[in-house]
Amino acid sequence: MDTSKTSQQKSAVTNSTELCSRLSMLEQGVCVVSVINQASCGEKSLPKVKVELDGQLQDSDSIKGSKIRWFPSEPLRFASKAKQQTSRLLSAFGVRWGDMTIVPLARLDELQNEIDVIETEWKIALQDMLDNYDSLVSEWQMSNLDVAAIMRRYTLDKAEFGGRFKMKMLPPVAFSPLIAEGDKESAEELADDILGNLYGEVAKMASDIYDKSFFVADANGHKVARTKANRRIKDTFKGLIDKLEGLSFLDSNIEKVVAQTNLVLDSMPKTGWIEGANLSNLARWTLVMSNPDTLRSHASDTFVFEEEPEVIEDDFGVLGETQSTNLDEDLSVFEVEQPINSSVADAQVSTTVSIDEFSQEPDQLGFGLGF
């Protein structure tokens, strides 16, 4: 009996079954969500203008016209703020696929509640702006008297202006791809596209965590690697883990990524600073997740996370330690570390490395992958 042929047949059946299961879970476990967020820009494109170039007025069809701002931009910031908040929220709860956001049904109510909070604040800000519409327009024209006449020509009345602002979460739509029965190639392409987007978005989140949580700015504004971090750094991984868990049925390896991330986080000290080998291990795993290809390659049965050895302390503590263990450290990205007394600095070796000075890659900062 040809055992290799039998093995291949079993593998094909397993892969087909797994693929059908993934598609079934997609149809039953997710929905498509879209949020409308529109606003007036407060500007008007001028139909025909001459542009001054090199001291001369140019009038050519190849030179585009200009715009005039007839409404101040500051009162409009609430609209762009709401749009950014909504975009971040959809990214945290689901995964993009084309122009759609695919969200797990299990998290739909939670997402709706968060959207409602943003929409409530948006409505209050919109109404406040419209209540002051006439005075805002008048003050803006008075501060730009040289073009006030042109502004008045293009100014919208309040009703038309207010009608251009819309924010609404559309009713969720069931995700039911139209794939012919037996079309395994299209089915596999669909599942892999969504999975690829998920890994890419998670990698972006991990990259942001790495940049914002493992580095600070020194007194000269240069970005330097932290030598220690507050335990609150672990909280930054919550959104990433929630996103993975919500779509874990797309790939069984996702559960391994979540488990490994929790394992690394749980290995961090319960008191005091996260530093030395612990900080390096946390940074190294964050680097693994910050690259989609690296993340997928390490999310396998053969993956083993290699921890760095513990730092050996002598009677004088950790060699090179120059900072106190005060737990009130600010996790701000642009935090400036306190200068070290010159007499102490002369006798000790700094453990931070300036990226700008040496132009090193992230895995050369003491946070090497080591896999």
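Modeller: pLDDT is the predictor's confidence in each residue, from 0 to 100. This is a predicted model, in which local features need pLDDT of at least 70 and side-chain atom pairs count only at pLDDT 80 or more, while totals for chains, interfaces and linings use all residues. Residues are numbered from 1 along each chain as its sequence is written, and side-chain values use heavy atoms, with hydrogens and water left out.

Colleague: What pLDDT does the chain average?

Modeller: The average is 76, and 69% of the residues score at least 70.

Colleague: Where does pLDDT stay under 50?

Modeller: Residues 8–17 are one such stretch, with one contact (heavy atoms within 4.5 Å) beyond four places in sequence. Residues 309–371 also stay under 50, and there the model has 110 contacts beyond four places in sequence.

Colleague: How many helices and strands does the chain have?

Modeller: The chain has 13 helices and 14 strands. These are DSSP runs numbered from the N terminus, helices being H or I with at least four residues and strands E with at least two.

Colleague: What is the strand order in the open sheet of four strands?

Modeller: The order is E7-E8-E1-E10, with antiparallel pairing. Strands E7 (95–97) and E10 (173–174) stand at the edges with a single partner strand each, so one side of each has no neighbour in the sheet. Pairing here requires that DSSP finds at least two bridges between two strands.

Colleague: How many bridges join E1 to E10?

Modeller: Two bridges join E10 to strand E1, residues 30–33. Val 32 stands opposite Val 173 of E10.

Colleague: And which strand pairs with E9?

Modeller: Strand E2 (residues 35–38) pairs with E9 in the antiparallel sense over four bridges, and Gln 38 stands opposite Lys 166 of E9. In strand E9 (residues 166–169), Met 167 and Met 169 form the covered face, whereas Lys 166 and Lys 168 form the uncovered one.

Colleague: Changing topic, is Glu 201 buried or exposed?

Modeller: Glu 201 is buried, at a relative accessible area of 16%. The classes are buried under 20%, exposed over 50% and partly exposed in between, with a 1.4 Å probe and protein chains only. Glu 201 lies in helix H7, residues 184–213.

Colleague: What does the side chain of Glu 201 reach?

Modeller: The side chain of Glu 201 reaches the backbone nitrogen of Arg 96 at 2.9 Å. Beyond its neighbours within four places in sequence, Glu 201 has contacts that include Ser 91, Gly 94 and Val 95.

Notes
A polar contact is a pair of N or O atoms within 3.5 Å; within protein, one must be able to donate a hydrogen and the other to accept it, and residues adjacent in sequence count only if both atoms are side-chain atoms.
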